[in-house]
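These are my notebook entries on what I looked up. I begin with a cavity and then turn to the disulfides.

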Amino acid sequence: MGFLWILILISISHFSNVDGQQSDKQLRMVQVLFRHGARAPTEKITDPSYYSQFPRGLGEMTDAGFENSYLMGRFLKKRYVDTGFLNPIMNPREMYWRSVNKNRCLSTASTVGFAMFDDEIHHLHVPVLTEEYDEHLLNYNQERCEREIELVKERCPDFNGTFHPWVKYEAFIANCLNYTHPVFNEYPFESIEAYMNEYKNSIPPPKLIQQHLDEVMAIYVNVTHFITGTGNHHDPRMMRVKFGYLMEKLQKEMTWMKEDLEKLASGEPLEHPMRKKFNVYSTQDWILMGVLDSLGVLKDTVGLEVYPEYNSMIILELWEEKGRFFVKTFYKKEEITHENHQLLDVSHLVRNCTDTECPFENFISCCEDYKEGRKRGCVSQKRNPRSLWIDKDDHVPQFAGPE
């Protein structure tokens, strides 16, 4: 049995340097979160002549979305497959692929995964998991989230607790925050999502919006900041509602991997199968905003007046050097990924981190104010509500936004 664990330890150490250089530093685990590829507007297409550019319908991926997702997968292939960190035969036991239950996110995950293992001979597709009813990691049931309603009412006491239709809720928040602009007299706030999305798909907006594009975008982003508790409306209480369990999960996975490696190094056998060393989450822009802001790097990566681009990506790498563990944090902000794409290294900007090789303990202590247990984020502070479990016969959880 001891010989078996030695083989396992060797297998997770071999060829583990992503830069191809010989070193005592070994890559042990990677967690990747990316936004889906380019999509159609979710509510409406503003002109029938644009329908041909969104052939799959509202909210669905465009051809460019698929192509750019494939390019992102090729980048990950070069970084993690070609270097030997991942087995090129596509071994599911090494990986965990999770997507929120949105077609565009599922499509992005499957496209990225295919690109990572596409050798032009075999047709390999990674298994992508999702939750249809009881999602708490990459989304939550907003209609049952009592804590979120409480926090919204603190600033907007007239809120009636209804989030749908979503564009009406966004317009209500914009009005509550006194975000006004002359553009909204001709183009109501509810229509802005469609125009912004079409613009991202290379369709010029109306002249009036074009003249004030940056201002309108900044207002729209600020509304999202308030809704998510991020950026210019930074509120750890709201962030725990929306991202607390995900932050808890990301850090726990790294902690568990470190503990397993330390056991193996000491000759102690594991009582469970080896943990996955490559975890992937296909998600949405507001989730990336939340993770980045929880880490304390939103301003230095995305900025405070724009959204994360399509196919933007966060990478968290756990490294070891002679028993010393450290974490590297990277961000890819551009939509189009080049084969030799340069990631933005923000490891030293994460809370409690001052080094590009952030000590593991510092990284783990970065985000205590932003973590929450499973299903606990939505618990009311005013009373002790009943369990928030969702029965399978219940309605599918409403998502926290159109993205």
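I looked up the second largest cavity: 21 residues line it, and His136, Tyr140, Val241, Lys375 and Cys378 lie nearest its centre. A cavity is a set of points on a 1 Å grid over the protein atoms alone where a 1.4 Å probe fits but cannot get out, and lining residues have an atom within 4 Å of a point. The model is predicted: local features need pLDDT of at least 70 and side-chain atom pairs pLDDT 80 or more, whereas totals for chains, interfaces and linings use all residues. Residues are numbered from 1 along each chain as its sequence is written, and side-chain values use heavy atoms, without hydrogens and water.

I noted a volume of about 180 Å³ for the second largest cavity, a volume being the space filled by probe spheres set on the grid points, which are joined across faces, edges and corners.

I then searched for disulfides (pairs of cysteine sulfur atoms within 2.5 Å) and found 4 in the whole structure. One joins Cys156 to Cys176, S to S 2.0 Å. This pair links distant parts of the chain, 20 residues apart. I recorded -100° about its S-S bond, a left-handed link.

A disulfide also joins Cys353 to Cys358, at 1.9 Å from S to S. Cys366 and Cys367 form another, with sulfur atoms 2.1 Å apart.

Note on methods. 1 Å grid on protein atoms, 1.4 Å probe; cavity = no way out; pocket = protein on both sides within 12 Å on 5 of 7 lines; lining within 4 Å. Helix = DSSP H or I, 4+ residues; strand = E, 2+ residues; numbered from the N terminus.
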